[in-house]
Amino acid sequence: MAHGKNIMVILSSPSGVGKTTLTKKIQQKYQSFKISVSHTTRKPRSNEVNGVDYHFVSHREFEELIQENKFYEYAKIFENYYGTLKKDVDNTILQNDIIFDIDWQGTKQLSKFKNLNLIKIYLITNNKEELKQRLVKRNQNTAEEVEKRFNSFDEDIKHWNDYDYVIINKNLDNCFKQIEHIINVNKNRTFNFFQKTP
Ligand code: 5GP
């Protein structure tokens, strides 16, 4: 399916860099953007709402969806599945731009679909110590989970090269401005391109 002039922005980063906050800020400021709500087998955190933050499903349900080829992409991260349904993306993109909060594995898989109008942004922190502090401060994970997420940093950043843009999140407002700039440039470019195409 050709997806017209609407764009799909992927934000990836090691866990704890501030991606979820930025994703929400973009959606709040730009009404045209919808956040892609992934399916996951992870258990909900106390502040998470089913259908809003994720669609929380069992391992069995998730594996059925894999068998039925329903995902554009999926990955196993920290022992849980996470994935993006084709149906959700194909319906949303008809009316809206989409923002994805997905990892490097999902980004690689989505990139294979050449009909998708993807803009791939990778966020990193200034240094590793800052990341650790953020993960602890976030207080959403057990000490063991914090350690696991922290240890995945080295593997994760090896994939920054697969992205169109890399931003260092030293300051949330600056980082947000940079993302806004990227969105505006690409939105205009896509719009002009589609205007000129008969
Ligand atoms: P969390 O458990 O902290 O919500 O997310 C863990 C990681 O899973 C994050 O890096 C997030 O970007 C990634 N993630 C969330 N949804 C998806 C998805 O649908 N596909 C993939 N590949 N990664 C996802």
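Modeller: Start with contact, which means heavy atoms within 4.5 Å. By that rule Thr107 touches Ile10, Ser12, Ile102, Lys120 and Tyr163, with residues up to four places away in sequence not counted. This is a predicted model, in which local features need pLDDT of at least 70 and side-chain atom pairs count only at pLDDT 80 or more, while totals for chains, interfaces and linings use all residues. Residues are numbered from 1 along each chain as its sequence is written, and side-chain values use heavy atoms, with hydrogens and water left out.

Colleague: Why is Thr107 called buried?

Modeller: Buried means under 20% relative accessible area, exposed means over 50%, and partly exposed lies in between (1.4 Å probe, protein chains only). Thr107 has a relative accessible area of 1%, so it is buried. Thr107 is found in helix α4, residues 104-111. Helices (H or I, at least four residues) and strands (E, at least two) are DSSP runs, numbered from the N terminus.

Colleague: What makes the pair Thr107 and Ser12 a polar contact?

Modeller: A polar contact is a pair of N or O atoms within 3.5 Å; within protein, one must be able to donate a hydrogen and the other to accept it, and residues adjacent in sequence count only if both atoms are side-chain atoms. The side chains of Thr107 and Ser12 are joined at 3.3 Å, so the distance falls within the 3.5 Å limit.

Colleague: Which strand holds Asn80, and why does Asn80 count as buried?

Modeller: Asn80 is in strand β6, residues 80-85. Its relative accessibility is 17%, so Asn80 counts as buried. The side chain of Asn80 also makes a polar contact of 3.0 Å with that of Thr41. Beyond four places in sequence, Asn80 touches Thr41, Arg42, His59 and Ala75.

Colleague: What is the strand order in the open sheet of four strands?

Modeller: The order is β4-β3-β6-β5, and the pairing is mixed. β4 (55-56) and β5 (71-77) each have a single partner strand, so they stand at the edges and one side of each is left without a neighbour in the sheet.

Colleague: Why is Lys128 called partly exposed?

Modeller: Lys128 has a relative accessible area of 31%, so it is partly exposed. Lys128 is placed in helix α5. Leaving aside neighbours within four places in sequence, Lys128 is in contact with Phe150, Phe153 and Asp154. Lys128 and Asp154 are 26 residues apart in sequence and 9.3 Å apart in space, C-alpha to C-alpha.

Colleague: What is the phi of Phe78, and why does Phe78 count as partly exposed?

Modeller: Phe78 has a positive phi of about 45°, although it is not a glycine. Its relative accessibility is 24%, so Phe78 counts as partly exposed. Phe78 is found in the loop between β5 and β6.

Colleague: What makes a set of residues a nonpolar core?

Modeller: The set consists of buried Ala, Val, Leu, Ile, Met, Phe, Trp, Tyr and Cys residues joined through side-chain atoms within 4.5 Å. The largest such core has 23 residues, and those with the most contacts inside it include Val9, Phe33 and Ile179. The largest share of this core, five residues, comes from α8. Apart from this core lies another, of 14 residues, among them Ile93, Phe100, Leu110 and Leu118.

Colleague: Why is the protein chain called as compact as a globular protein of that length?

Modeller: The protein chain has eight helices and nine strands. Its radius of gyration is 17 Å, close to the 16 Å that the globule rule gives for 198 residues, so it is as compact as a globular protein of that length. The radius is taken over C-alpha atoms, and the globule rule is 2.2 Å times the number of residues to the power 0.38. Buried residues make up 45% of the 198 residues.

How values were computed. Pairing = 2+ DSSP bridges.
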